[in-house]
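Q: Could you take me through this model, starting with a hairpin and ending with the contact between chains?

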Amino acid sequence: MGAPFDFTFVLDFFPKLASTLGVTLFIVAGSLLVGMIVGIVIALPRLYRIPVLSTCSKVYVSFFRGTPILIQLFLFYYGLPEILQLVQLDLSKAHVLVFVILTYGLHTGAFMSEIIRASVTAVDRGQVEAAYALGMKGHQAFILIVAPQALGVAVPVFANTVIALLKDTSLAFTIGVMEMTGKAQTLGSITQHFIEAYIALAVIYLCISITLQKLLQLAELRLLKHELPDSRDDRGSRDSGDTEDNTARKTFRIQKKRIYTRTAGSMRTEKGGAKL
Amino acid sequence: MIKLTNISKSFGRNQVLKSINLTVEKGQVVVILGPSGSGKTTLLRCVNYLEKPNDGEIMIGDYSLKCKHAAKKDIHALREKSAMVFQQYNLFKHKTALENVMEGLVIVKKLPREEARARSVALLKKVGLAGKLDAYPSQLSGGQQQRVGIARALALEPEVILFDEPTSALDPELVGEVLAVIRKIAKEGITMIVVTHEMSFARDVANHAVFMDGGIIVEEGPPAELFNRPREERTRQFLKRITPELNYHI
């Protein structure tokens, strides 16, 4: 089966696969955007405990969390046009990427809504009370006090969702999208060097994952800078010392926070939650 | 002047406040004492509507609010008349000490940033934290955090500052520094309502003491009198338990 292993093909495939990197990243970015909006819309009824709508949110989340993304992709790609045909809407000309981004967006939205809900609830009630006591209005308290703190809590879990999404986009090739995995398939069939194509593919995914992880880690450190011990402070210097593994200790301090554990614990493991 | 009329509050079937009446004159320091569960914290939180009273009327300065038909903007107007210092400090965790004090001035009072900054720095100096302007709450000790909390409340120049057990969460050795600051601002004639368990502080600083139990005001009067010659048996029991060294049979 296939041609004998030849490493030069791996190197040869890199630029060819990288040429479709744009499509993959476009799917990731588009889905994140859709997911963010959907996530907020889905999270709000549960945060404000609106009777009927919050049940709808729960059903929505359990559907998208409880079914494989591949099935969702098929349902939307093959099923949606059929249903819309009943109301005289013709989707047969729509670009395949529309379906892909829609599916991944709705899927990510379910997870986003859980992240939003968990991190907003994780912000101490006393923070809102303090804001009200100062005379702030509801929306001011939310935007100025709750949201920035919730964001800091959300970033680590958000990072994992983004990386999971990046990897999930590889399934889009099943409905004929020429993104990186699709391209690797094609290259493999043409040259009969499947293994080499997949090695190159894995390396590229890994590189993007690591880059995203690093970027989001920076964002996390920035957003949680108020939780870091101050080395000038006498209390701080006792904990942190002035060794070069300071950053590692700082990160550890953040991850130690109960607030983080609570959020991570409420997520499913494969989407970035922690096993507790 | 603050006047609470017939304030009632229930949590479900449990009536926590039973038609409370209380008047606080301008410049007075009122301490509210009582065992836990007596409703003293709930009463304090009703004054700025962090708890919604079921019935009654709240008057702060020239603003008065009937609790039964309170609209959002009325509640907001009432809250602008007071400031609160919390048991758990409740400093904004993502803001520095200076930003914590400035926040109310910039967002609520709409002061220009420069002016808000100058005022906040002066207030932090006053509570002895001139060197900690840029520290985050997590980098401050409990006593320091609570002093920032007091500066934040002072910044708004409210009609009244509400203190909800301001020293209960502190290590015993840090209580002194916070009480010293409260004592200092009490002398400046700022109206204060203080829920506290610090009896000696209550005796020294307050002009008026209120003893609550079971959702009613059992007894109130000048602290010297309430502490030394309590009229009610319940007050006597409470004081005996809390300050055994006090001898009030003169």
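A: In the hairpin of strand 9 and strand 10 of chain B, two residues lie between the strands, and B:Gly214 there takes a positive phi near 60 degrees. The model is predicted: local features need pLDDT of at least 70, side-chain atom pairs count only at pLDDT 80 or more, and totals for chains, interfaces and linings use all residues. Residues are numbered from 1 along each chain as its sequence is written, and chains are lettered from A in the order in which they are written.

Q: How many bridges join strand 9 of chain B to strand 10 of chain B?

A: Strands (E, at least two residues) and helices (H or I, at least four) are DSSP runs numbered from the N terminus, and two strands pair if DSSP finds at least two bridges between them. Here five bridges join strand 9 (residues 208-213) to strand 10 (residues 216-221) of chain B, and the two run antiparallel. In strand 10 of chain B, B:Gly221 is the bridge partner of B:Ala209, and B:Glu219 is that of B:Phe211.

Q: Which way do strand 3 and strand 9 of chain B run?

A: Strand 3 (residues 29-33) of chain B runs parallel to strand 9 of chain B, joined by four bridges. B:Leu33 stands opposite B:Phe211 of strand 9.

Q: How many residues does each chain bring to the contact?

A: Residues are in contact if their C-beta atoms, placed from the backbone, lie within 7 Å. Chain A and chain B each bring 22 residues. On the side of chain A that touches chain B, helix 6 of chain A gives the most, with seven residues.

Terms used:
Two residues are in contact if their C-beta atoms, placed from the backbone, lie within 7 Å.
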